[in-house]
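Student: Please take a close look at a single part of this model. Then connect that part to the rest, briskly.

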Amino acid sequence: MLETVKYLIGSTGASGFGSKSTAEEVTNTCPDLRSITAIITGATSGIGAETARVLAKRRARLVLPARNLKAAEEAKARIVSEFPGSEIVVMALDLSSLSSVRNFVSEFELLNLPLNLLINNAGKFAHEHAISEDGIEMTFATNYLGHFLLTKLLLNTMIRTAKQTGVQGRIVNVSSSIHGWFSGDMIRYIGQISISKSQYDATRAYALSKLANVLHTKELAQRLKQVDAKVTVNCVHPGIVRTRLTREREGLITDLVFFLASKLLKTIPQAAATTCYAATHPRLVNISGEYFADCNKASTSKLGSNSNEAAKLWAASEIMVSRHAKAVFDPRNAFGYHSM
């Protein structure tokens, strides 16, 4: 009850920020970002667009990957009109397609740009069951697996940039408190819904993808620490906001729910605050593997803090993104894969 009251009144935490803080407010004290190159997925609308706008205001160079290039160009135009001189590169990327992720990284490497900041923000809520071209359930493929591969392929560039510039790189995974709604065997469930829609539940699939973001953060932080990489990774819950994810399901019930919950909803500038805080604030130098909500450290679900589950998901993910012909994702196997 106390936490709810703090949220509603916008009480600040140890960071000096709270639920009512905005992205502009949390970046007021950050250093000039003109030397920073950032990739932000899902930046054509909502939280991602506000994140991009605020980082551009702080003079960061932006790379905006998008499936819809027209929407990305429009997002770029809005930012440039507000902040003339902004350096923004629009590139093609469909996160549900592993080949598209590989193509994007290849094209990005041809630009010979540094990479200081990777914000894995894009997400979708698939009301209808669908399978990606790689044979993976669409929500999981878009929200988690595409970002897993993207991060994996960009990591060497980030590590090299940090070493050359002396500026610590940062990866921010945008998750959700809804990750706590998932329980059960993660690998088995993703296998089941990647084969058949009979056990598909849209909310459970979304919760699974957000839990995967949390576990990816936990495992990656450990791996970066082991190789003494000057790159951190943290995970954020932006808060509840009416973005395109929720607008896809319009109607009387949805409108009524949002009306009743209006006091709990954040504005988009408020919802982008935790992402921008994790991406830029000097307080978070050397902080890695943490989960943030309302710009303060928070606790994940029990499953989200399980190191064994994080390692298991990583192993299965490596197989799912592998091009090895003998690597086959298999939901019947406890680890999600087998060799033929």
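Tutor: N286 is exposed, with a relative accessible area of 60%. Exposed means over 50%, buried under 20%, and partly exposed in between, using a 1.4 Å probe and protein chains only. The model is predicted, so local features need pLDDT of at least 70, side-chain atom pairs count only at pLDDT 80 or more, and totals for chains, interfaces and linings use all residues. Residues are numbered from 1 along each chain as its sequence is written, and side-chain values use heavy atoms, with hydrogens and water left out.

N286 sits in the loop between α12 (273–280) and β7 (291–293). Helices are DSSP runs of H or I, at least four residues; strands are runs of E, at least two; both are numbered from the N terminus. The phi of N286 is near 70 degrees, a positive value in a residue other than glycine.

Now take C295. C295 lies in the loop between β7 and β8 (296–297). Its phi is near 65 degrees, again positive in a residue other than glycine. C295 is buried, at 1% relative accessible area.

Next, the cores. A nonpolar core is a set of buried Ala, Val, Leu, Ile, Met, Phe, Trp, Tyr and Cys residues joined through side-chain atoms within 4.5 Å. The largest has 57 residues, and F104, F108, F140, L150 and M186 touch the most other members. C295 belongs elsewhere: a second, separate core of 36 residues includes C295, along with A23, V174 and A271.

L150 touches T41, L93, L95, V101, F104, V105, L118 and N120, leaving aside residues up to four places away in sequence. Contact means heavy atoms within 4.5 Å.

A60 lies between α3 (46–57) and β2 (61–66). Beyond four places in sequence, A60 touches L33, I36, L55 and E87. The C-alpha atoms of A60 and T37 are separated by 6.0 Å, although these residues are 23 apart along the chain.

How far can you trust the coordinates? The protein averages a pLDDT of 89, and 85% of the residues score at least 70. pLDDT is the predictor's confidence in each residue, from 0 to 100. Over residues 334–340 the pLDDT is below 50, yet this stretch has 23 contacts in the model beyond near neighbours in sequence. Where pLDDT is low, the predicted coordinates should not be read in detail.
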